Amino acid sequence: MSQPAARAAEPLAAQFQTNPPREVPTRRNTELVLLGFAAFIVTIALVLVEANQEQELTWSIVWLGLAYLAIFAAAHLAVRRWAPYADPVLLPCVALLNGIGLVMIHRIDLALAEKAVQNGKDYTPAVTAQVLFTVISLGFFVAVLVIVNDHRTLTRYGYTAGLIGIVALALPALLPSSLSEVNGAKVWLKLPGFSIQPGEFAKILLMVFFASFLVSKRDLFMVAGKKFLGVELPRARDLGPILIAAVACIGILVFEKDLGTSLLFFSVILMMLYVATERIIWVVLGLSFFVGGCLIAYNLFTHVQQRVANWLDPLATYDKAGGGYQIAQGLFGLGTGGIGGTGLGAGRPDMVPEANTDFITAAIGEELGFIGLAAVLMLYLLLAMRGMRSALAVRDTFGKLLGGGLAFTMVMQIFVVVGGVTKLIPETGITAPFLSKGGSSLLANYILVALLLRVSDAARRPAARPKPQPQQQAPIAEAHTVLVQRPPADGGQQA
């Protein structure tokens with residue numbers, strides 16, 4: 001190293017010697033305490049369900065609570081090992097939401113089992129499979145933490161992720177209904193022995209693609225074109241990605257009959273585009289394309305008209321096939337719960353079709369009331385806020401876009417779910433993250449949280465200290481000349 005470079009590094013090195021950087025606490029013990037608190041709440045909720053359903057209370061409930069804590073303690077150890085600086089609140093929020101979902105699915109199982117006995121039929125509990133899906137999902141959660149040791153490496157596979165995501169999103173629409181349709185929505189891929197929703201994983205792949213694409217092409221979206229009514233419009237040749245996104249979303253709405261996935265997918269793209277460019281015109285154009293496409297779909301397809309009719313007045317189509325029976329029953333349940341709820345295990349959530357999947361928030365609102373449902377929604381809000389905070393704090397642009405997209409997906413997904421249940425928007429076909437029954441949703445959302453923890457770890461991890469520069473010997477041409485006096489020949493003795 002030359003002398004000027006060495007002199008430039010000296011002030012930085014001196015700064016670290018006189019004022020060393022503060023050690024950032026990992027807060028992993030805080031995470032473990034919060035996980036223990038989440039397990040305690042889940043255990044108490046299970047006790048209340050069993051008591052109100054007049055089930056026998058045994059020590060097995062305590063063992064179930066400890067087993068639940070042990071599963072998430074293993075996930076905690078993985079975070080402690082591979083993402084030590086990650087946000088300590090994210091995993092406990094997810095654990096509590098997942099636990100509440102398991103308790104509600106078990107409670108609905110008890111009601112459906114009783115109804116099956118009255119009808120002389122057998123019933124297979126759904127909570128057993130959901131517990132298995134939880135363990136498998138946590139295994140994938142750990143695998144993502146181990147494999148993706150730096151979120152920036154995902155930029156190498158941006159276009160590959162986009163291609164796979166589009167194929168996964170479009171595949172159910174291209175397959176025959178016998179292989180892809182469940183309850184009127186063509187969003188499934190039915191394989192021998194199990195079914196999977198490829199759209200749940202497509203949303204993560206497409207977020208990786210759009211984040212990497214916007215990082216590399218951000219300048220194109222910042223350039224303004226012609227002015228119209230005082231608004232600077234984008235250039236026509238830069239509208240390609242937003243048009244492709246609009247066409248894909250309208251295609252999902254038309255061919256897969258899934259308004260929820262269409263709205264979720266398009267809103268996440270618009271959010272990431274706005275964060276990257278800070279130009280509101282992109283959001284206005286995107287919403288204009290989406291609304292226009294929905295109007296065209298409404299005039300052309302009967303199933304879209306049916307969804308809108310159910311939304312406007314579910315009682316008018318209450319007794320019709322594919323009518324508003326489900327929405328009306330969900331609203332009746334929310335009205336029965338009121339402010340404080342009927343109590344865990346004391347309601348009738350089995351009267352709502354698909355109460356353990358699309359309408360699980362209606363079951364929570366009935367038995368926990370407005371207060372309990374608001375508390376659950378606050379957990380989602382806390383999860384998203386901590387994710388957004390990590391996205392703002394991370395140092396690279398790709399991490400900001402990816403982390404913001406992942407956190408916003410959580411908020412938008414629960415908005416679409418609760419909006420459909422409460423008749424704020426037309427009924428949707430997506431499930432509440434971590435609450436609803438379903439392996440695809442659970443697995444995809446745990447992968448999403450693992451990536452969010454990876455971004456959070458990069459945001460909170462302290463910057464590496466600069467390595468001390470070794471003392472460099474000056475070149476011979478610049479070395480100072482030192483005169484050394486030769487000693488006397490007689491060894492210093494005088495005659």
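Guide: Buried means under 20% relative accessible area, exposed means over 50%, and partly exposed lies in between. The model discussed here is predicted.

Visitor: Is Lys423 buried, partly exposed or exposed?
Guide: Lys423 sits in the loop between helix H16 (397–421) and H17. Its relative accessible area is 27%.

Visitor: What is the phi of Lys423?
Guide: Most residues other than glycine have a negative phi. Lys423 is not a glycine, yet its phi is positive, at about 70°.

Visitor: Which residues does Gly338 contact, leaving aside neighbours within four places in sequence?
Guide: Gly338 also lies in the loop between helix H14 (325–337) and H15. It is partly exposed, at 32% relative accessibility. Gly365 is 27 residues away along the chain, with a C-alpha separation of 8.0 Å. The contacts of Gly338 are Gly369 and Phe370.

Visitor: How do helix H15 and helix H17 pack: what is the angle?
Guide: Two packed helices are described by the angle between their axes and the distance between the axes. For H15 (residues 360–393) and H17 (residues 439–460), the axes are 8 Å apart and the angle is about 45°.

Visitor: Is H15 parallel, antiparallel, perpendicular or oblique to H17?
Guide: The angle between H15 and H17 is about 45°. Roughly parallel needs under 35 degrees, and roughly perpendicular starts at 65. H15 and H17 are therefore oblique.

Visitor: What is the hand of the crossing where H15 passes H17, and which H17 residues meet H15?
Guide: The crossing is left-handed. On the H15 side, Gly387, Ser390 and Ala393 take part. By class, the contact has four nonpolar, three polar and no charged residues. The H17 residues are Leu452, Val455, Ser456 and Ala459.

Visitor: Is H3 parallel or antiparallel to H4?
Guide: The axes of H3 and helix H4 (residues 90–118) are 11 Å apart, at an angle of about 155°. Angles over 145 degrees count as roughly antiparallel. So H3 and H4 are roughly antiparallel.

Visitor: Which residues in H3 meet H4?
Guide: H3 passes H4 in a right-handed crossing. H4 contributes Leu91, Ala95, Leu96, Asn98, Gly99 and Leu102. The contact divides into eight nonpolar, three polar and no charged residues. From H3 come Tyr68, Phe72, Ala75, His76 and Val79.

Visitor: How are H12 and H13 set to each other: parallel or perpendicular?
Guide: The axes of H12 (residues 280–300) and H13 (residues 302–312) come within 6 Å and cross at roughly 105°. Angles of 65 to 115 degrees count as roughly perpendicular. The two helices are therefore roughly perpendicular.

Visitor: Which residues in H13 meet H12?
Guide: H12 brings Ala297, Tyr298, Asn299 and Leu300. The contact holds five nonpolar, three polar and no charged residues. H13 brings Thr302, Val304, Gln305 and Val308.

Visitor: Is Gln53 buried or exposed?
Guide: Gln53 is in the loop between helix H2 (28–52) and helix H3 (60–82). Its relative accessibility is 18%. That is under 20%, so Gln53 counts as buried.

Visitor: Which backbone oxygen does the side chain of Gln53 reach?
Guide: Beyond four places in sequence, Gln53 touches Arg107, Leu110, Glu114 and Gly345. At 2.6 Å, its side chain reaches the backbone oxygen of Gly345.

Visitor: Is Lys203 buried or exposed?
Guide: Lys203 is placed in helix H8. Its contacts beyond four places in sequence are Leu264, Thr409, Gln413 and Asn445. Its relative accessible area is 11%, so Lys203 is buried.

Visitor: How far apart in space are Phe201 and Ala168, C-alpha to C-alpha?
Guide: Phe201 is found in helix H8 (residues 198–216). Outside its four-place neighbourhood, it contacts Ile196, Ser440, Leu443, Ala444 and Ile447. Phe201 and Ala168 are 33 residues apart in sequence, and their C-alpha distance is 7.9 Å.

Visitor: What percentage of the residues of the chain count as buried?
Guide: The chain has 17 helices and six strands. Of its 495 residues, the part that counts as buried is 47%.

Terms used
Residues are numbered from 1 along each chain as its sequence is written. This is a predicted model: local features need pLDDT of at least 70, side-chain atom pairs count only at pLDDT 80 or more; totals for chains, interfaces and linings use all residues. Side-chain values use heavy atoms; hydrogens and water are left out. Helices (H or I, at least four residues) and strands (E, at least two) are DSSP runs, numbered from the N terminus. Buried means under 20% relative accessible area, exposed over 50%, partly exposed in between (1.4 Å probe, protein chains only). A polar contact is a pair of N or O atoms within 3.5 Å; within protein, one must be able to donate a hydrogen and the other to accept it, and residues adjacent in sequence count only if both atoms are side-chain atoms. Contact means heavy atoms within 4.5 Å. Axes are lines fitted to C-alpha atoms, for helices over the stretch in contact, and angles run from 0 to 180 degrees between N-to-C directions. A crossing is left-handed if the near helix is turned anticlockwise from the far one by less than a right angle, and right-handed if clockwise. Ala, Val, Leu, Ile, Met, Phe, Trp, Tyr, Cys and Pro count as nonpolar, Asp, Glu, Lys and Arg as charged, and the others, Gly among them, as polar.
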